[in-house]
Amino acid sequence: MKASFIQQLFADRIGGKHFGNDVILYKFEKIKRAKREARKRQPAIDLIDLGVGEPDWMAEKEVIEILYEQAKRRENRGYTDNGIQEFKDAAVQYMKEVYQVYGLDPVNEVNHGIGSKSILALLPLVFINPGDITLITVPGYPILGTATKALGGEVVALPLLAENNYLPKLDVLTAEQRRRAKLLYLNYPNNPTGATATKEFFEEVVCFAKENGIIVVSDAAYAALTFDGQRPLSFLSVEGAKDVGIEVHSLSKAFNMTGWRLAFVCGNELVVKGFAAVKDDHDSGQFAPIQKAGIYCLQHPEITQKTALKYSRRHTLLVNALKHIGFTVTKPKASFYLYVQIPRGTKSGKLFSTAEEFADFLLKETLISTVPWDEAGAYIRLSVTFEAENEVEEEKIIAEIMRRLAAVGLIF
């Protein structure tokens, strides 16, 4: 059937006349579709979802109650534009208490966002002209490069490798790339590797940014989910960091508020001001009762500490199970992600050349869902956000994962 005129009018940035083909689907949409197909093929077996990371706990009861009570108030019904001041004030206090970041101006150096994804996606609109470069790390969050490409900019990927503790090597960039670069996105604790940054690395980043006139965007969505002696670390806690960049904090992961869509950006006043101008043109602010519920969260960081202990416990169980199967894997000290190099194949003779092949095999043969990453080696990402009512159920799920993996006869 001949394509309609509408099919011919899609923008090139989302596929043009080929829009709708699976090959250009957003990564996680492809995974969702594959899970639905796997469930149809084997409806009698429970799918174990270790794939897209979404907290399994609900927000705290007190947080939900604040939303309920505030939503009933007439004065909260309208637009909030660039946010309510009380939320910004709470964000400044939170940065002091949790990250020892002092001196943030709650009026000019903080703004809210409708989730960190929105903030990260809008920032290129503030700075990127055709021909400009955004630096991103790979593997990483796909959204980071999308807006830059749509604006006619170029994305330069910095690989995260085990031999460099999954930190990017900034000295590999050419003089031309450094000259054209405007934005450097970093994400620590990292998705998908689970790696954490050091103060020394952030100090190196500050020097690099100052020398080359590059803005640093630190995506700190998982920054407070630390354990095993790892303390929360903010890029902005490093001397000079506010001169060159900003940090984005999300309430989704830290406070189990994924669908609530609430985050904040803080740091350099000019960057925050630029973001506010673009944001004001793209949305009308998050619902005030959600921001007020967020204030409670920011005033109670122990919520995150409790959540982090759960993820640490599950990581220990999963790492031990994978080691028993034959995987070489190390428990991370933050986030809910585990980054695992794929096996060579199976005893039956099947060989894996890419992570996508292995993830597809796992889903079809074991009904275990993972996220494949092939950008810097063949790895899968496992998330310990699977649903379990208690510790006994956690242990049962991990035991079932180990049973299913053992049954397919992996070789390493």
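A salt bridge is taken here as a side-chain nitrogen of Lys or Arg within 4 Å of a carboxyl oxygen of Asp or Glu. By this criterion the structure holds 17 salt bridges. The structure is a predicted model, in which local features need pLDDT of at least 70 and side-chain atom pairs count only at pLDDT 80 or more, whereas totals for chains, interfaces and linings use all residues. Residues are numbered from 1 along each chain as its sequence is written, and side-chain values use heavy atoms, with hydrogens and water left out.

Lys242 belongs to helix H9 (residues 241–244) and Glu109 to the loop between H4 and strand E2 (110–113), so the pair ties together parts that are 133 residues apart in sequence. Helices (H or I, at least four residues) and strands (E, at least two) are DSSP runs, numbered from the N terminus. Glu109 is buried, at 10% relative accessible area, while Lys242 is partly exposed, at 28%. For these classes, buried means under 20% relative accessible area, exposed over 50%, and partly exposed in between (1.4 Å probe, protein chains only).

A salt bridge also forms between Glu154 and Arg180, whose closest N and O atoms are 2.6 Å apart. This pair links distant parts of the chain, with Glu154 in strand E4 (residues 154–159) and Arg180 in helix H7 (residues 175–180), 26 residues apart. Glu154 is partly exposed, with a relative accessible area of 31%, and Arg180 is partly exposed, with a value of 22%.

In the salt bridge between Glu394 and Arg314, the closest N and O atoms are 2.9 Å apart. Glu394 lies in helix H15 (residues 391–407) and Arg314 in helix H13 (residues 302–325), so that distant parts of the chain, 80 residues apart, are linked. Glu394 is buried, with a relative accessible area of 2%, and Arg314 counts as buried at 0%. Salt bridges with shared partners join Asp56, Lys310, Arg313, Arg314, Glu391 and Glu394 into one network.

The second largest pocket holds about 790 Å³ of space. A pocket is an open set of points on a 1 Å grid over the protein atoms alone, where a 1.4 Å probe fits, with protein on both sides within 12 Å along at least five of seven lines; lining residues have an atom within 4 Å of a point. The lining comprises 32 residues, and Val52, Gly53, Glu54, Lys253 and Thr258 lie nearest the pocket centre. Two or more lining residues come from each of helix H2 (27–41), helix H5 (116–127), helix H10 (251–254) and strand E13 (379–383). Helix H2 gives the most, with four residues. By class, ten lining residues are nonpolar, ten polar and twelve charged.

Lys96 is found in helix H4 (residues 85–99) and is partly exposed, with a relative accessible area of 32%. Apart from neighbours within four places in sequence, Lys96 is in contact (heavy atoms within 4.5 Å) with Val101 and Tyr102. The C-alpha atoms of Lys96 and Leu317 are 34 Å apart in space, and the two residues are 221 residues apart in sequence.

An unreviewed UniProt entry carries the annotation "domain: Aminotransferase class I/classII large" for residues 46–384. The end C-alpha atoms of this span lie 16 Å apart, and the span is 40% helix and 17% strand.

Methods: Grid points are joined across faces, edges and corners, and a volume is the space filled by probe spheres set on the points. Ala, Val, Leu, Ile, Met, Phe, Trp, Tyr, Cys and Pro count as nonpolar, Asp, Glu, Lys and Arg as charged, and the others, Gly among them, as polar. UniProt positions are given in the numbering used here, feature names are shortened, and annotations may be inferred rather than shown by experiment.
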